Amino acid sequence: MKPNNHWLNFINGQWCDSSEHTLISDPATGENFATIACASPEDIDSAVKAARECVESRSLSACRPAERAQMMLRIAQEIKAIAEQAAPLLVKENGKTLADAKEEFLIAARYFEYYAGMADKIEGKSIPLGDDYIDFTFYEPVGVSAQIVPWNFPVDICARSLAPALAAGNAVVIKSPELTPLAMTWLVTACQRANVPAGAVNLLNGKGSVAGAALVEHPDINQIVFTGSVPTGQLILQSAAKYAVPSVMELGGKSAAVVFEDADIEQLIESVKWGIYFNAGQVCSAMSRILVQREIYSLVVERVTALAASLEAGSGMEQAALTPLISAQQQQQVLAMCDKAQAQGARLTTGGNTVAGLKGHFVEATVFADVTAEMEIFSTEVFGPVVAITPFDSEEEAWQLANGTDFGLVAGVFTQDLSRAMRASRALQAGQVFVNEWYAGGIETPFGGIGLSGFGREKGQEALYSYVNTKNVAIRVAAAKA
Ligand code: NAD
């Protein structure tokens, strides 16, 4: 950072300014408080060149994997060391609570620890072809990994892709989200302090349509890892097609919790609180729909409504239960979707409005009951604190409703019946199924979607294999002389 709260790009081991800057504002007040350099097309080119030189130097790929693991552990240490200092900045630019912001840095550190443990275990296979051959595989880094990050969990999501990429020996060019680029610079500072080679980690800021587009269109990248909205993902896939660049797409969701009459209601309500109101509902895997067996439908609507009505809005620094949305535009979009839901016949039981007396981009915790599959609120991602509740009568109907959108990121089931939970885990079309706890799982569990939620997996051991190419070596062994 330069004086006056002005932030920079990081290219080839150097912090660099540029001629264009953008303003960063605080969602809790709407006030601008910092500026950041926007990467020009020349900056994008320099960053990709630096990453390419790092790949060609083989400084990360040719060293003993255990040394790379040590580098990863140093990064984790540095992230933990800056977490206290950096977390308030994440609150200021994103609006989330201070506790969640600190946790985001600790999760980021944990990604580096987890993938440090894998850096020296990326083992190939020996394939039997008979006595005349020796055949084996090994894994090579993909090369230059271009990673595009969204604004809702910028530090967490950045670390989620950066850590496995470095563990596998790649060089990375990161494009930060235009609304929340600041805290990520601390993550890159941690890499710098851990003595990551020049060019191994580059950070570019600026508009998606300019800097992001130039990065994904660059002819010298070897991979794209994108986390963001479906329309942007679709646009990026068109660029990826030009040079057949392999991609990981982590897109949106409209995930359903299926609640049976034997569910533990207290457990459910705790899950709803986190599932849809955490981070003001700006979570790709949010519990944005609840499908409830008719026997307990009224009770669940009543309890979820009471929960939502009890959540007090305020700033993240005050540790409020309901924090602001990221921008005025997002706030308007969410309110417009609430209006449409009512116009289409959904029953608003609480919320649906801005929060009186607060200046920032707040929307009340909102509940819609009696939502049917024909309504837009049933199948369109809101990305705000809005939940849609729908009754069902049979298991088959529940699966049909849960699977009735184009998305398939996560799904959940609340029941005491293990057999039913297992049937749900097969029937629900999603990358991950939670049983009796929304967001169960962690860094160790693979995460990603099907359908419009994208493809490829992040997290867990599986993610690392997105960052390598398999090479097979087949050796003809000379026959023994007679
Ligand atoms: P977005 O698509 O608007 O932006 C995401 C990123 O893409 C930003 O860095 C942006 O600058 C960049 N970008 C925009 N246009 C681009 C272009 N033409 N070329 C290259 N890059 C471009 O998404 P958002 O509003 O930041 O995030 C919200 C969306 O992200 C939601 O749909 C949410 O569900 C999804 N999301 C998914 C996950 C996941 O892991 N599946 C996680 C978080 C968010």
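This tour moves from the ligand to the pockets and then to the cavities of the structure.

The model is predicted, so that local features need pLDDT of at least 70 and side-chain atom pairs count only at pLDDT 80 or more, while totals for chains, interfaces and linings use all residues. Residues are numbered from 1 along each chain as its sequence is written, and side-chain values use heavy atoms, with hydrogens and water left out.

**Stop 1: the ligand**

Next, display the side chains of Glu178, Ser229 and Thr232. An N or O atom in the side chain of Glu178 is 2.4 Å from an oxygen atom of the ligand. For Ser229, the corresponding distance to a ligand oxygen is 2.6 Å. Thr232 places a polar side-chain atom 2.8 Å from an oxygen atom of the ligand. On its own, the ligand has 850 Å² of accessible area, of which the protein covers 89% (Shrake-Rupley method, 1.4 Å probe).

**Stop 2: the largest pocket**

Where does the ligand sit? It sits in the largest pocket, in the sense that more than half of its atoms lie within 2 Å of the grid points. A pocket is an open set of points on a 1 Å grid over the protein atoms alone, with protein on both sides within 12 Å along at least five of seven lines; lining residues have an atom within 4 Å of a point.

Helices (H or I, at least four residues) and strands (E, at least two) are DSSP runs, numbered from the N terminus.

At least two lining residues come from each of α6, β10, α7 and α10 (328–343).

**Stop 3: the second largest pocket**

The second largest pocket has a volume of about 780 Å³. Select Ile107, Asp156, Phe278, Tyr439 and Lys459, the closest to its centre among 28 lining residues. Which element supplies the largest share of this lining? It is α3, with seven residues. The lining divides into 14 nonpolar, five polar and nine charged residues.

**Stop 4: the cavities**

A cavity is a set of points where a 1.4 Å probe fits but cannot get out. Two cavities of 30 Å³ or more are counted. The largest holds about 80 Å³ of space, and Lys254, Ala402, Gly408, Val410 and Gln429 lie nearest its centre. Both β12 (255–259) and β17 (410–414) give two or more residues to its lining.

Finally, turn to the second largest cavity, with about 60 Å³ of space. Its lining includes Gly253, Ile276, Cys284, Glu381 and Phe383.

Note on methods
A polar contact is a pair of N or O atoms within 3.5 Å; within protein, one must be able to donate a hydrogen and the other to accept it, and residues adjacent in sequence count only if both atoms are side-chain atoms. Grid points are joined across faces, edges and corners, and a volume is the space filled by probe spheres set on the points. Ala, Val, Leu, Ile, Met, Phe, Trp, Tyr, Cys and Pro count as nonpolar, Asp, Glu, Lys and Arg as charged, and the others, Gly among them, as polar.
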